[in-house]
Amino acid sequence: MNFSEVLKQSNQLCRVSPDGKYLATCVQYRLVVRDVNTLQILHLYTCLDQIVHMEWSSDSLFVLCAMYKRGLVQVWSLEQPDWYCKIDEGSIGLVSSRWSPDGRHILNTTEFHLRVTVWSLCTKAVSYIKYPKACQKGIDFSRDGCYMALAERRDCKDYVSMFVCDDWHLLRHFETETQDLAGVEWSPNGCVLAVWDSCLEYKVLLYSLDGRLLSTFSAYEWSLGIKSLAWSPSSQFLAIGSYDEKVRILNHITWKKVTEFDHPATINNTKAVIYKEVERRPVVGSADLSIQQHITMGSTLFNTQSKYEICPLPVQVPVVKPDLDRANPKVGVSSMAFSSDNRYLATKNDNMACVVWVWDMQRLGLLAVLEQTSAVRCFQWDPRRPRLALCTGNAKLYLWSPAGCVSVQVPAEGGFQVQSLNWHCSGDSLILLGKEQLCLCYMETEEEEDNDK
Amino acid sequence: MEDWWTTATIEPSIENHEISGIARLMMSPSRHHKNLPTMHSSTMPLSKSSYNVLSAFCTEDNVPQCISYINQEMDSLGFSSACIEASSPEGSGGLNTVPALNGMYELLQMQRRSQRSLQEQETESLKISSALEHLQITNSRLKDQLELSKREKSGLHEAERQLQLKIKTLQNCLKTEKDEVQKLQSIIASRASQYNHDTKRKERESTKLKERLNQLLVDKRDKKLAIDVLNYLGRADGKRSQWKTGKVEARHEGEMYKSLLSDYEGRQRALMLENAELKKVLQQMKREMVSILSPSPRKPCSSSRGDRVEDSLEQAGSDRDKEVGDCSRETLDQSCDHAREQSCEHAREQLTNSIRQQWRRLKSHMERLDSQALLVQQSQQRAGKELVPRQIHEEEMERMRLEVQQCKDFIQTQQQLLQTLLTKCVKSLVDQRQQFNSPCYDDETAALLNDCYTLEEKERLKEEWRLFDEQRRNFERERKNFTKAAIRLGHEKKAFEEDRASWHKNQFLNITPFVDRKRHSASETPRALSTSSEPEMRIPSTPARLTKSRTYAAFSTPKAAPVAGMPSTADLYRTLRLIPDSSSSSRGSSKRGSWQEFNNFHSREDPRVRSRDRYGGGDCCSIFSLGSEETASPEDTLQ
């Protein structure tokens, strides 16, 4: 495992192009495009203000930079460095900007969710979509880029509009049976749309592409409901994480519950392996410690060594009791992710912030539990292999695979703390984002491993 | 009369005083008032003591009256009194004794009976009284209990009343709570509806505001709202954009349905595949079941014992099922074919039905097998535990016996061969030796010969050793005799010494003028004399002993330890005339000692004697030499 030098970035804006060739980073009001392999700067663009949002187009030819405060969006071309495009939303304001899947349209959501403006880069044409709903996930494009689902609110009722992205033709428009729609998400095969209600009511609605209601699922009533939702890459399973600290898995044929994953505070499952991160601080003798030693040891004191130990059952997982009187209590399953091969599901329960749970989807049971020393910030699956990377806001990178678990010290200077991470689409490298820096971590590919052998 | 008296005297002694008193008191009143007004004897003295003659019931004068009175009494009591009466007219003392005694006896009997019954009644009454007491006690106890339970009951009643009161209050509370809950619920509902209404209103307001804002922005024709592009881009797919027409709409619909259809088709295909797989599994299971359940004659020979058991079981048990099974198999095969060709409803049903049937059979069969296995296990537990080991054991034993036999045979033949060879060799060697006496024979034969000789020699030596042992035992016996004799001699000598001492003393005392001191030292003198005299006695013997100390050591047996006053062995020998004199004693004494000592002694003293002994000596000498030269080379003794 190799690490690159530390690069600067701001606002955690760092994206790899969809084709995997370029790395775009934002530093204040500058956009820097580098070659992923050499990290050499290929292009440098200067925007009008500090960049708040940045996004690659699907064909990796354009980069969108949004400056929400000024209501501005600037687009840059890689092929023609002197080409430019500037979209000004004017006084209406801007809260969100994104590419359409074809990479030729930009969808801007105005302030107060008054409308969604669709700008075409081909024709300069503008179209408006009124009444978008301000919610968790109001817009979702299908994986193949053909359709867009948009949540709407009209006359105190929730609607979903389906658009054909090709020409923004409204394909379907239907009312949903929700109290307060919270999000829409397409299944990866683009045929089923999952719609879920806000946390006040546990309700998932599944609509076919043609607007038919396929099924409704509700696990319980009168309690805080759904917190997160995830489709398996094969569209076979729909995982629903809720405030009752459980994940429910629905199947794609009957849309009934297949199983339920509990997140208990005491793990007794004999089939699960519990990895516990153990920190080993360098022992410092207090008596014979001079100032010089202090200085030299300063860096090592921060960089404590850690390793995983397999705990014997039963294991007590640290639980933080949430403050239930406040809004959005820190309890329940907030993030879930399926591995690319559909075999594993990683989940995180918010009141057990230090723990990541890995479930085996073939056995439909708990496979591994990673107990970290600090709260898990982010975890993501390798897009090619069953490999999970996670970070906890310290100078370490943690990797899990069915073979085992490893903790890697990021050898960057100056207290580099991994806040977030992103896999390269090839799965060979990993982008680690600190507060103001970033660092690339190159995994050992199989050829290299063969060479080593 | 005499009988009466005796009984009268005996009566009080036997009976209880009080009882007799009571009895007489009860009897006496009627007697006085009716028939004996003239009798001056009072009842009290009579009852007090019947010895009193004056106050007696019967006196010399009133015998007839008495008799008549008694007769009457007897009559009234129902006894036969005639006999007494009959004899009465003659004399005053003419009492017919036999009936009188009979009557008396009967009376006595009656008395005794009545006494017994009285006693019984008394004990009865005692018993009853005690029972009564007991009953009274129990009664009082029960009364207490009753009281207690009554009190308890009242307490419980009180508690119940209180509880009921509590229940009532609680029910009231519940009612009020329920009311409150209802009220709250209604409040909540109203609030919720109000909230909903409010939110809706607010939302409407907000939408209105949004609308207005939108309107305003649109109306304003915001100059800023603009896109500034250097040059237009081509579409990502390279096509040109199309006009929005109905055609396009239809195309979109079509595409949508196409994608949906393809998805469904894919899903159906997957399901079909899965179905086919499951069917295959089902069919395979079916086939295997059939093959297991039907007794096939071509069962593989390599099947294990369990399989064989199963086979036999199957053959035994499933004869009646055979037909059914066969027909079911047929239908199954048919259904399988059907299923393969056309997955129609009928075929499927058939398949599942036959599977179910087979499964049932398999289950029953398994159950039967289970029971059988259990039985077998039990029987094995009972007897079979040692069965296999014993078999193995026996086999092993047989094998070992055979082996032993073989070994024995082998050894025998070897021995025979060896014997023949040996005899041959010995013969030839002897011949050779006799005839040639030259070193012409080879080493091997020499070694063999040597061996033979040594063997022979050993045999002979053994024989001699045995003889020697016997001799030694004889010697031992003799020595024991000697020691015994010596002890006896010692005793005799002691006695003799004492005799002599006493004689000396007497003589001395007779001679001495200290007669007056005789009494004082009578007890002490013998000792003083002996101590003083003994050294003198011993002096002549000590030199001899000193000179012969060595030979003496050789004889040191625990019994023959030198006790004061015991004669030395040398003396003993001298006295027994075994040793001619002290100068030649060494040779003679050592002859009977242990040969080891003898050896050492002679080797130091004079070798000539030894050699003379050896050559000139008889049997015993040869034995000695043998013993001494056991470790010597055989060549010496060989000659």
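How many helices and strands make up the secondary structure of chain B? In this predicted model, chain B comes to 21 helices and one strand. Of its 639 residues, 17% count as buried. Chain B exposes about 50700 Å², and carbon and sulfur atoms supply 56% of that area. Take the contacts in chain B between residues at least 6 apart in sequence: 55% of them join residues at least 24 apart.

For the complex it gives an ipTM of 0.76 and a pTM of 0.57. The mean pLDDT of chain B is 69, with 54% of its residues reaching 70 or more. Among the elements of chain B, helix H6 (residues 97-220) has the highest mean pLDDT, at 91. The lowest, at 40, belongs to helix H15 (residues 549-554) of chain B. Two stretches of chain B also call for care. Over residues 1-51 of chain B the pLDDT stays under 50, and the model has 41 contacts beyond four places in sequence for them. Residues 582-639 of chain B likewise have pLDDT below 50, and this stretch has 42 contacts in the model beyond near neighbours in sequence. Where pLDDT is low, the predicted coordinates should not be read in detail.

Now turn to chain A and its strands. Strands of a sheet pair through backbone hydrogen bonds, either parallel or antiparallel. One open sheet in chain A has four strands in the order E15-E16-E17-E18, with antiparallel pairing. Strand E15 (139-141) and strand E18 (169-175) of chain A stand at the edges with a single partner strand each, so one side of each has no neighbour in the sheet. From one strand to the next, the twist averages 20°. At one end of the order, E15(A) pairs with strand E16 (residues 147-154) of chain A over three bridges, in the antiparallel sense. Within this pairing, Phe141(A) has Met148(A) in E16(A) as its bridge partner.

This sheet is also a place where the two chains meet. Helix H7 (residues 246-293) of chain B lies across E16, strand E17 (157-164) and E18 of chain A. The helix runs at about 65° to E18(A).

Strand E31 (residues 333-338) of chain A pairs with E32(A) in the antiparallel sense over five bridges. Two of the residue pairs can be named: the bridge partner of Ser335(A) is Lys348(A), and that of Val333(A) is Asn349(A). The hairpin of E31(A) and E32(A) has five residues between the strands, and in it Asn342(A) takes a positive phi near 65°.

E32(A) also pairs with strand E33 (residues 355-360) of chain A, again antiparallel and joined by five bridges. Here Lys348(A) stands opposite Val356(A) in E33(A). A hairpin through five residues joins E32(A) to E33(A).

Are the residues of E32(A) buried or exposed? Six of the six are buried, so the strand is largely enclosed by the rest of the structure. In a regular strand the side chains alternate between the two faces of the sheet. In E32(A), Tyr344(A), Ala346(A) and Lys348(A) point one way, while Leu345(A), Thr347(A) and Asn349(A) point the other way.

The last topic is the aromatic rings. A pair of aromatic rings is described by the distance of the centres and the angle of the planes. The structure holds 17 aromatic pairs over all chains. One of them joins Phe62(A) and Trp99(A): the ring centres are 6.2 Å apart and the planes stand at 40°, so the pair is tilted. Phe62(A) lies in strand E8 (residues 62-67) of chain A and Trp99(A) in strand E11 (residues 96-99) of chain A, so the pair ties together parts that are 37 residues apart in sequence. Both Phe62(A) and Trp99(A) are buried.

Another pair, formed by Tyr308(A) and Tyr398(A), is edge-to-face, with 6.0 Å from centre to centre and 70° between the planes. Tyr308(A) belongs to strand E29 (residues 305-310) of chain A and Tyr398(A) to strand E37 (residues 396-401) of chain A, so that pair links distant parts of the chain, 90 residues apart. Tyr308(A) and Tyr398(A) are both buried. Rings can also form groups: ring pairs link Phe62(A), Trp83(A) and Trp99(A) into a cluster.

Methods: Residues are numbered from 1 along each chain as its sequence is written. Chains are lettered from A and ligands numbered from 1 in the order in which they are written. This is a predicted model: local features need pLDDT of at least 70, side-chain atom pairs count only at pLDDT 80 or more; totals for chains, interfaces and linings use all residues. Side-chain values use heavy atoms; hydrogens and water are left out. Rings of Phe, Tyr and Trp (its six-membered ring) pair if their centres lie within 6.5 Å; planes under 30 degrees apart count as stacked, over 60 as edge-to-face and the rest as tilted. Buried means under 20% relative accessible area, exposed over 50%, partly exposed in between (1.4 Å probe, protein chains only). Two strands pair if DSSP finds at least two bridges between them. Axes are lines fitted to C-alpha atoms, for helices over the stretch in contact, and angles run from 0 to 180 degrees between N-to-C directions. Contact means heavy atoms within 4.5 Å. pLDDT is the predictor's confidence in each residue, from 0 to 100. Accessible areas come from the Shrake-Rupley method with a 1.4 Å probe; for residues, only the protein chains shown count as cover.
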